[in-house]
Amino acid sequence: MNFSAKQIVFISFMLFSMFFGAGNLIFPPFLGQAAGNHLWTALAGFIVSAVGLPILGVIAVAKAGSFNELNLRVHPYFALIFPFFIYIAIGPGLAIPRAGSLAFEMGLAPFLPENLVGSPLSLFIYSIVFFGLVAWLCMYPSKLVDLFGKLLTPILLALIAIIFVKSLIDPIGSFAAPKDNYVSNPVFQGFLDGYLTMDALAALAFGIVIANTLKSQGVLDTKKRSVYMMYAGLGAGLLLTVIYLILGYLGAASSSLGKTENGAQILSNVMTHLFGQSGTLLLGLVFTIACFCVSIGLVTSCSQFFANAIPKITYKTWVIILTVLSTAIANLGLTQILQVSVPILGLIYPIAIVMIMLGLIDNLIKNSRQIYITVVIFVALFSIIDTINKTFLANEWSGALEILPFYTEGIGWIIPALLGLIVGYLLGMFNEKPSTELK
């Protein structure tokens, strides 16, 4: 079956909605306000990592055929353990309950009476309704294209377009002077900010949803499915880029609206300036839709993964398990879960990036298992040491680790990855059988 351009657009809308959560909504305005006059150069760096890495992740999975096939190039045990940590970390362990909590804080809490805002009962009832709807819609993953592509994503894009057009008609203010690292090196600082969004993990996780959706739409040929996944990734990347440019502009123009501590406050000030009190309602709607889409995407991808890994438990049962667990965690408060999940994310993220890069250059390295193994081992050892240092030793080892280039910038894994590549290549040459034998 061949897809039309319209169908590819809807698939791209679907993938965009799965990526674009509350974190993606509030981070660019914060960058914009800090970058000030250096906004566009900072955004260039941000887009390279915040958009480029996730889309490269989708392409790497598409080229490999599946996330599992990519991981099997390292080892069967790795293909079982590594995805498990990814799906837990970006699923019920952090991202799903956080999305429900943020949807409540931005979408409903501003409209509640003061005595109910801090009430645990309010959050409890809201999270049951929120995740109940998520579970219901996740029961029919083949319908996600219609839900995202034809309904939720167009609504979300239309709302952001309205905000942007209003900001052009009624200018918010002028850009201020840049702050901190945005003064001397805005491109690199923007790149690091985008890198820390960790959307590359979501790209690996969402591959299974896109592949299964295409299969349910009649695309049974593996090569065609991979091509359409790449198209969807590029389309979603284009949408993310446009939205990041708009949000960054709004943040940079908001410097005159008062001092803020995060991107949510910046957007609240912008919306109040542009639309008055009704701006709170509009912003709440944007946050709710974004968090809702991400929750559906994460629950669907996690459920499909666990259903494949543990076939005795059905997909629909996993949907219920994950939404119930996410509801409970959202109500327990995210502080404790962040203390556990954030180190895990820091541990697995460098490994995810090198797996993406290896998947992209697989033809060049000729699917060399030695290279996959050594790169993953070197980067994993670095990540384990770095995580122990930051989590348990209060950065006691940082002095030694700072010998590595780019360590203080958060990408100290680059040198271990290159060393692993060299060692793997040499091992491959050493183990290669000679083409001719002496008689």
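The largest pocket holds about 1,100 Å³ of space. On a 1 Å grid over the protein atoms alone, a pocket is an open set of points with protein on both sides within 12 Å along at least five of seven lines, whereas a cavity is a set of points where a 1.4 Å probe fits but cannot get out; lining residues have an atom within 4 Å of a point. Grid points are joined across faces, edges and corners, and a volume is the space filled by probe spheres set on the points. The model is predicted, local features need pLDDT of at least 70, side-chain atom pairs count only at pLDDT 80 or more, and totals for chains, interfaces and linings use all residues. Residues are numbered from 1 along each chain as its sequence is written, and side-chain values use heavy atoms, with hydrogens and water left out.

The lining of the largest pocket comprises 47 residues, and those nearest its centre are R98, L196, T197, M198 and L345. Among the helices that each supply at least two lining residues are α1 (5-19), α7 (95-107), α13 (199-216) and α18 (334-360); helices here are DSSP runs (H or I, at least four residues), numbered from the N terminus. The largest share, eight residues, comes from α18. By class, the lining has 33 nonpolar, ten polar and four charged residues, where Ala, Val, Leu, Ile, Met, Phe, Trp, Tyr, Cys and Pro count as nonpolar, Asp, Glu, Lys and Arg as charged, and the others, Gly among them, as polar.

Helix α20 (residues 369-391) also gives at least two residues to this lining. With 23 residues, α20 reaches 32 Å from its first C-alpha to its last, close to the 33 Å expected at 1.5 Å a residue; the expected span is 1.5 Å times one less than the number of residues. Several residues of α20 are buried, including I371, Y372, V375, F382 and D386; buried means under 20% relative accessible area, with a 1.4 Å probe and protein chains only.

The second largest pocket holds about 410 Å³. Its lining has 20 residues, of which S66, F67, N68, I208 and N308 lie nearest the centre. Helix α13 gives the most to this lining, with five residues.

Helix α14 (222-252) is one of the elements that give two or more residues to the cavity lining. D221 caps the N-terminal end of α14, with a side-chain oxygen 3.3 Å from the backbone nitrogen of K223. In the loop between α14 and α15 lies S254, which counts as buried because its relative accessibility is 2%. The side chain of S254 reaches the backbone oxygen of G251 at 2.7 Å, a polar contact (a pair of N or O atoms within 3.5 Å, one able to donate a hydrogen and the other to accept it, with residues adjacent in sequence counting only if both atoms are side-chain atoms).

Helix α16 contains V294. V294 and M18 are 276 residues apart in sequence, yet 4.6 Å apart in space, C-alpha to C-alpha.

Conventions: Buried means under 20% relative accessible area, exposed over 50%, partly exposed in between (1.4 Å probe, protein chains only).
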